[in-house]
Amino acid sequence: MKVSDKDESIRAIFSDGVFVAGCPGRILLEHVTSKWGLLLLVVLSEGEQRWSALRRRADGISEKMLAQTLKTLERDGLVSRHAQATIPPRVDYSLTDRGNELSALLVPLAAWALQNADDIINGQDSTET
């Protein structure tokens with residue numbers, strides 16, 4: 001049985017790295033593709049956002065999860081935190097250059113999910129008619 005060129009190209013790109021437990025790429029994928037990680041990266045692709053705006057846009061996120069996810073994405077070098085010494089304190093978040101590069105890949109994924117969600121969730125694939 002012949003392995004397709006596509007399979008060979010995928011194997012060459014990943015060379016088992018991302019499939020090994022504990023691989024840094026796999027850890028990063030967990031951060032980026034978590035429900036809240038993906039949504040926050042997409043929201044921040046629109047530009048700098050305040051904490052409260054992020055909380056409103058990511059409807060349903062708790063303050064704890066928002067803080068935890070933003071800290072993780074900041075530690076990964078994808079999000080920048082800008083604290084201003086005002087009363088009350090103001091904190092703005094934005095994407096780093098690497099975060100912008102990543103969000104350019106995630107926005108089409110989120111758009112695809114939105115476009116196909118109803119058919120998939122309802123068990124109907126509109127391409128198989």
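## Strand pairing

Strand β1 (residues 49–50) pairs with β3 in the antiparallel sense over two bridges, and R50 has D92 of β3 as its bridge partner. Strand β2 (residues 79–84) is likewise antiparallel to β3, with six bridges between them. Within β3, L95 stands opposite V79, and a hairpin of five residues joins β2 to β3. Two strands are taken to pair if DSSP finds at least two bridges between them. Strands (E, at least two residues) and helices (H or I, at least four) are DSSP runs, numbered from the N terminus.

## Basis of the description

The model is predicted: local features need pLDDT of at least 70 and side-chain atom pairs count only at pLDDT 80 or more, while totals for chains, interfaces and linings use all residues. Residues are numbered from 1 along each chain as its sequence is written, and side-chain values use heavy atoms, with hydrogens and water left out.

Strand β3 is largely enclosed by the rest of the structure, because five of its six residues are buried (under 20% relative accessible area, 1.4 Å probe, protein chains only).

## Surroundings of L40

Beyond its neighbours within four places in sequence, L40 is in contact (heavy atoms within 4.5 Å) with L54, A58, I61, L66, T69, L70 and L73.

Terms used:
Buried < 20%, exposed > 50% of the residue type's maximum accessible area, 1.4 Å probe, protein only.
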